[in-house]
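Welcome, and please take a moment to look over the chain before reading on. The report below walks through it one topic at a time.

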Amino acid sequence: MEPVLLSSLENEWIEDSNGHTQIPLAEAQDLSLQENLSTEKITESGGLTLAQELLQTLLSSEFLESAAFTQFIHSIQPKIQIQPQLDIGISLLLLDAENLKIDIAAEEFLSSICNYPLQVKIAFANWKTPSNGKQDTELYERGYQLFHVPGGKDGADAKMIAVGASLLSYYPTVKEIFVCSGDGILTHLCNELQNQGLTVYWVRRKSQTLHIENKNTGKFIFYSLAQATAIPSLEGVLDKIQDLITDEQESINSRLRNLTAIANLFQERCELDSNSNPQNLEDKSTPSNDREDLAAQANTAEVKEIGSKEDLERLLGEIISNMQAKSPKTKLTVSKLGTELQKISGQSPNAIVKKLKLSTNFTKFLQSSPQFSLKPSGREYEVMKSDVEIG
């Protein structure tokens with residue numbers, strides 16, 4: 001601005017670009033002094049005249065072609081950022097409330113399908129019909145615009161087609177539309193909206209499932225109203241089953257590896273025990289041989305009848321003596337003694353004791369009998385004959 005203003009001062013004039021408006025320098029100075037005065041003292045005509053003259057000077061061809069203007073443009077050009085134009089669009093939902101009911105969960109699922117925010121929701125119905133109940137209040141609280149139609153067949157569908165066909169004039173930024181109704185007449189609305197360049201989703205209900213058809217691509221998406229979740233495609237189900245099978249195979253293989261490692265450790269342990277204590281293995285093999293001998297002896301012998309306490313004590317004494325004679329180092333437990341008694345008598349020890357009314361079980365009988373003594377051995381008792389002679 002400086003060169004232009006200096007030249008104007010030399011001529012004592014301020015001129016506009018067309019040269020028609022000229023004011024003396026003294027008058028311009030008087031106008032500039034008025035900036036220090038209060039607003040009440042500045043006349044409306046004087047203020048407008050100064051603003052107009054300054055604006056004309058800034059837009060004059062001399063200033064626009066001056067070096068000062070070029071320098072000013074170069075200084076602010078790096079600070080200018082050109083913002084890219086955003087693809088602004090919205091999605092819209094048209095609902096035939098007499099034909100289809102959509103809860104909040106289903107509405108949120110529909111909102112997740114579209115590529116633009118679902119900002120406009122419009123519902124059509126005869127809201128005076130008792131079957132609608134308080135649906136109008138619920139939809140209104142959820143942000144729906146409500147259109148009322150009088151009673152009659154397909155009244156809501158007709159109104160929905162009339163409003164839907166002219167939506168672009170009211171919402172020029174709409175890109176996608178959900179047409180929510182199972183009536184076949186809405187096919188005409190879907191076709192019209194497609195011809196207007198919009199992406200159309202036709203939402204229909206069959207039993208407890210919403211069928212969402214993309215009319216532009218012909219693809220379907222299914223939503224379960226009962227489970228409030230999307231139903232995967234056949235390929236998705238097969239992929240899920242394959243993942244489950246793979247996980248189960250990995251789990252089985254991991255268990256087999258652990259079992260193999262345990263078996264190897266057990267085998268190594270057995271080898272160590274056999275190398276370090278061979279005598280223990282001989283001792284361990286002895287009781288099994290003794291039991292086989294006793295079992296063979298019991299099978300060859302006749303089953304003995306036990307009719308009294310004395311018969312039972314005598315038979316137990318014989319069993320203890322025979323087992324101690326064959327395996328002096330082997331401890332005779334109550335369970336082993338009971339097993340041998342059952343082989344000989346053909347009855348369980350507890351049954352014999354209860355039959356003779358000697359005690360409630362075999363262990364308590366041995367504890368109460370003076371002919372035997374019991375010694376704790378781990379979780380069991382070791383049985384020995386006492387010094388009292390059996391009569």
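## The chain as a whole

Two residues are in contact here when they have heavy atoms within 4.5 Å of each other. Among contacts in the protein chain between residues at least 6 apart in sequence, 55% join residues at least 24 apart. Please keep in mind that this is a predicted model.

The protein chain holds 16 helices and twelve strands. Of its 391 residues, 29% are buried. Its accessible surface comes to about 25600 Å², and carbon and sulfur atoms account for 53% of that area.

## An open sheet of eight strands

Eight strands make up an open sheet with mixed pairing, and you can follow them in the order β5-β4-β3-β6-β7-β8-β9-β10. The edges are taken by β5 (145-148) and β10 (229-231); each has a single partner strand, so one side of each has no neighbour in the sheet. On average, and ignoring direction, neighbouring strands of this sheet are turned by 25° against each other.

In general, the strands of a sheet pair through backbone hydrogen bonds, in either a parallel or an antiparallel way. How do β9 and β10 pair, and over how many bridges? Strand β9, residues 220-224, runs antiparallel to β10, and three bridges link the two. Within this pair, Tyr223 stands opposite Ala230 of β10.

## Helices that pack on the sheet

Next, look at helix α6, residues 104-113, which packs on the sheet. Helix α6 touches β3 (90-96), β4 (118-125), β6 (174-180), β7 (199-206), β8 (209-214), β9 and β10. The direction of α6 makes about 155° with that of β9.

Helix α8 covers residues 155-165 and lies across β3, β4, β5 and β6. Relative to β3, helix α8 runs at about 160°.

## Salt bridges

How many salt bridges does the count come to? The count comes to seven. One of them links Glu138 and Arg142, whose closest N and O atoms are 3.3 Å apart. Glu138 is partly exposed, at 41% relative accessible area, whereas Arg142 counts as buried at 14%. Salt bridges with shared partners also bring Glu107, Lys121, Glu138 and Arg142 together into one network.

Is Glu313 buried or exposed? Glu313 is buried, with a relative accessible area of 7%, while Lys309 is partly exposed at 33%. In helix α13 there is also a pair three residues apart, Asp311 and Arg314, so about one helical turn separates them. Their side chains meet in a salt bridge with an N to O distance of 3.3 Å. Asp311 is partly exposed at 29% relative accessibility, and Arg314 is partly exposed too, with 37%.

## A nonpolar patch on the surface

Which residues form a nonpolar patch on the surface? They are Leu234, Val237, Leu238, Ile241 and Ile245, which together have about 440 Å² of accessible area. Leu238 belongs to helix α11, which spans residues 234-276.

## Two loop residues with positive phi

Most residues other than glycine have a negative phi. Asp154 is not a glycine, yet its phi is positive, at about 60°. You will find Asp154 in the loop between β5 and α8, where its relative accessible area of 36% makes it partly exposed.

Lys357 is not a glycine either, and its phi is positive at about 55°. Lys357 sits in the loop between α15 (349-355) and α16 (362-368). With a relative accessible area of 74%, Lys357 is exposed.

Conventions
Residues numbered from 1 in each chain as written. Predicted model: local features only at pLDDT ≥ 70, side-chain atom pairs only at ≥ 80, totals over all residues. Heavy atoms only, no water. Patch = residues over 30% accessible without salt bridge, like charges linked within 9 Å, V, L, I, M, F, W, Y side chains within 5 Å. Areas by Shrake-Rupley, 256 points an atom, 1.4 Å probe, with all protein chains shown as cover. Salt bridge = Lys/Arg side-chain N within 4 Å of Asp/Glu carboxyl O. Helix = DSSP H or I, 4+ residues; strand = E, 2+ residues; numbered from the N terminus. Pairing = 2+ DSSP bridges. Axes fitted to C-alpha atoms, helices over the stretch in contact; angles between N-to-C directions. Buried < 20%, exposed > 50% of the residue type's maximum accessible area, 1.4 Å probe, protein only.
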